[in-house]
Amino acid sequence: MQKIQAAADKLAPRLAVALAFSFPISTFLSGLFSALILLTSLAQGRWRARLHLVARNPVAVAALALLFLIIVGLFYGEGTWANASNYGGKYADLLLIPLLIPAFSDERVRAQALNAFLAAMLLTLGLSCLLHWGLIHPDRWIHGLPQDASVFKDHITQNILMAYAAFVFALKAKLTTDWRRQALLIALTVLAILNIVFMVQGRTGYFILPVLAAYFGFLTFRWRGVVVGAAAFLVLASAAYAWSPSFHKRMNEAARESVGWLHGRDKGTPVGLRLEYYKKSLAIIARHPFFGVGTGGFAVAYKNEVAHTTLAPTTNPHNQFILIAVELGVVGLAGFLYLLYRQWGTASRLASPDQALARALLLTFVTGCLANSLLIDETERMFFITLTAAFWSALGDVSFRRPGEET
């Protein structure tokens, strides 16, 4: 038994790093590594120590509290069991946060995981640029086209992850003293930003970039830096609007469709549909304010809401806050917000630069959740869960060794 535990202890950090590399590239591999992490955790045992660890980590406790509310939501409401189990299965990945925390107990493993994620994003960035420049051609494993050069994932997902990667490159450039390394990191930052704005058409990334630019400015020059970061992004956006046909088109479409919806038309456009999702979802919340319609109940509730209209049903309101509020009411929304609040607050206890990286992760995730339901999107969910476990594993005592065991 001790040999099995020892083998599992050695394997767990490697699986955690492998997961960090795999989720930007392959849904199959990230699912495989997640399952292996669960099996490895079972093989490690030491449940008393594990519970002690979870109790000492406020982020792990908040994640489990949210998962508990989601599980309770399985047993009431309007949803079918198929929908409930489908959504519940997605949210169940939150369990990986406390399971992964011990694997990231070593600072070196946390650094390896972040570098593994960056390696995956560098591969994505390189292939995306080659696709955009016509040096490689679309294939069954490439999602995009030269004019919308997403690679392993769709353009929304790629731009969300790339925006965060650009921030990490910029922060690393700021902190390094080696001018050659700094020049390389600055070049990668610029290329990642250009990839988001000029090469890939995921609009969520367009909105995450200025948020992260403002935060980077704050880290560098405090509140004056926020103004500088915002101004720099406005210059970039103006240049993109003038010189990038895809950016120009996407921004014009968003503005036109928003104005059209406000005037009672264009409800079937991409932006119009999302605004209708929000409007109808808020009506559902008003009727079920406290506990919602149950986990997985959104699809049925929304179908009933639009039954006598020309609008088509949907299973996704494209806003994680609204989705949680529809399914679990203000109680579930409070649980979700509490998790984010605990992450932001306890990030101040992390060492530099993990504090900035952790808060940038939260800003990326929260901004993305305003236009997407990121906890039910596979890649974005694993992005949030894996890096949450990595950064916040530094809180509390994460040792599983028994008294007397050699280090």
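**Close-up views of the predicted model**

**View A. Arg381 pairs with Glu378 through a salt bridge in the predicted model**. The closest N and O atoms of Arg381 and Glu378 are 2.6 Å apart. Both residues belong to helix H17, where a spacing of three residues separates them by about one helical turn. Glu378 is partly exposed, at 25% relative accessibility, whereas Arg381 is buried, at 3%. Shared partners join Asp93, Glu378 and Arg381 into one network of salt bridges.

**View B. Arg381 also forms a salt bridge with Asp93**. Here the closest N and O atoms lie 2.9 Å apart. Asp93 is located in the loop between helix H5 (81–91) and helix H6 (96–100), and Arg381 in helix H17, so the pair ties together parts that are 288 residues apart in sequence. Asp93 is buried, with a relative accessible area of 17%.

**View C. Asp178 and Arg180 form a salt bridge**. Their closest N and O atoms are 3.9 Å apart. Asp178 is partly exposed, with 33% relative accessible area, while Arg180 is exposed, with 55%. The structure holds five salt bridges.

**View D. Helices H16 and H17 pack against each other**. The axes of H16 (residues 354–369) and H17 (residues 378–392) are 10 Å apart and form an angle of about 160 degrees. This angle makes H16 roughly antiparallel to H17. The crossing of H16 and H17 is left-handed.

**View E. A nonpolar patch on the surface includes Phe28 and Trp47**. Together with Leu29, Leu32, Leu36, Leu38, Leu39 and Leu42, these residues have about 760 Å² of accessible area. Helix H2 (residues 27–44) gives the most to the patch, with seven residues. Trp47 is found in helix H3 (residues 47–56) and is partly exposed, at 43% relative accessibility.

Note on methods
Residues are numbered from 1 along each chain as its sequence is written. This is a predicted model: local features need pLDDT of at least 70, side-chain atom pairs count only at pLDDT 80 or more; totals for chains, interfaces and linings use all residues. Side-chain values use heavy atoms; hydrogens and water are left out. Patches are made of residues with over 30% relative accessible area and no salt bridge: like charges are joined within 9 Å, nonpolar side chains (Val, Leu, Ile, Met, Phe, Trp, Tyr) within 5 Å. Accessible areas come from the Shrake-Rupley method with a 1.4 Å probe; for residues, only the protein chains shown count as cover. A salt bridge is a side-chain nitrogen of Lys or Arg within 4 Å of a carboxyl oxygen of Asp or Glu. Helices (H or I, at least four residues) and strands (E, at least two) are DSSP runs, numbered from the N terminus. Buried means under 20% relative accessible area, exposed over 50%, partly exposed in between (1.4 Å probe, protein chains only). Axes are lines fitted to C-alpha atoms, for helices over the stretch in contact, and angles run from 0 to 180 degrees between N-to-C directions. Angles under 35 degrees count as roughly parallel, over 145 as roughly antiparallel, 65 to 115 as roughly perpendicular and the rest as oblique. A crossing is left-handed if the near helix is turned anticlockwise from the far one by less than a right angle, and right-handed if clockwise.
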